[in-house]
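Thanks for coming. Please have a look at the model on the screen before I start.

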Amino acid sequence: MATAGKKEKMKFNGTLHHNLCSTCEEPSKYRCPKCSTLSCSLNCVKAHKEKSGCDGVRDKTAFVPLDEFTDRHFKSDYHFLEDALRTIDNAQRTKRNFGFMNFLPPKLKCICMVFFSDGKIFWKLEWVFPLCNLTYSDTRVDEEQLIDECLDKYLLLDSEDDFNGELDYYRSIGHKDVSVIMKDENTPANETRYFELKKKKSLKENFQGKRIIEFPTLLVVPKMHLSSYLD
């Protein structure tokens, strides 16, 4: 800390007076990136944050008057625009590769919807069998899997799990007589519309360009009933 005499001497010098630490009035060394408050040491920086509630994180979008605009601000704006362009490019690339994926707040459903590994998506899938009023789910399903392959455990007669006979009707008609549909999430809230998925194509191919909220919910319906969902 400076003595009273030293402080007084500094105040007579206009140049020094405007560069004093805001906490102890010693010559400053640091300027807060967010509010420009001057400090001389780490202790004074901490004191400033505790007293003012300032987090010290620079506001990249804060207005700077033209007469105060420096090379530092120019470089900051340039890097800010670079970051924005990079974010947009990444979002567009994700949209092209995976479609739209909207995630609901965790408190609505405490489950993991999607996993990323080795550049691939592993989905949580919800299967709805409306004729039996049954719903099942699978987790960590590789996006490269075909829809038909995903359905094997539910439709094949020799599947390890017989689901207590609850899917006997679906198993009796098999793959060839069922269709898989998914709700179109781009429709207004007061409308319900579905589109049919290609069972011989992968999840990745089927979901490309589609808007998915939380995780895909797939309806398995007999082909004879398909028109009632698609009309």
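This is a predicted model: local features need pLDDT of at least 70, side-chain atom pairs count only at pLDDT 80 or more; totals for chains, interfaces and linings use all residues.

Residues are numbered from 1 along each chain as its sequence is written, and side-chain values use heavy atoms, leaving out hydrogens and water.

First, the annotation. An unreviewed UniProt entry gives "domain: HIT-type" for residues 21–54; such annotations may be inferred rather than shown by experiment. Over residues 21–54 the chain is 32% helix and 12% strand, where helices (H or I, at least four residues) and strands (E, at least two) are DSSP runs.

Ser36 sits in the loop between strand E1 (30–31) and strand E2 (38–39). Ser36 is not a glycine, yet has a positive phi of about 70 degrees. Most residues other than glycine have a negative phi.

Now the loop between helix H5 (147–155) and helix H6 (168–173), which holds Glu160. Asn164 lies in the loop between H5 and H6 as well, and has a positive phi of about 55 degrees. Asn164 is exposed, at 70% relative accessibility; exposed means over 50%, buried under 20%, and partly exposed in between (1.4 Å probe, protein chains only).

Glu160 is exposed too, at 86%. Patch residues have over 30% relative accessible area and no salt bridge, with like charges joined within 9 Å and nonpolar side chains within 5 Å. A salt bridge is a side-chain nitrogen of Lys or Arg within 4 Å of a carboxyl oxygen of Asp or Glu.

Last, Leu66, Phe69 and Phe74 form a nonpolar surface patch.

Conventions. Accessible areas come from the Shrake-Rupley method with a 1.4 Å probe; for residues, only the protein chains shown count as cover.
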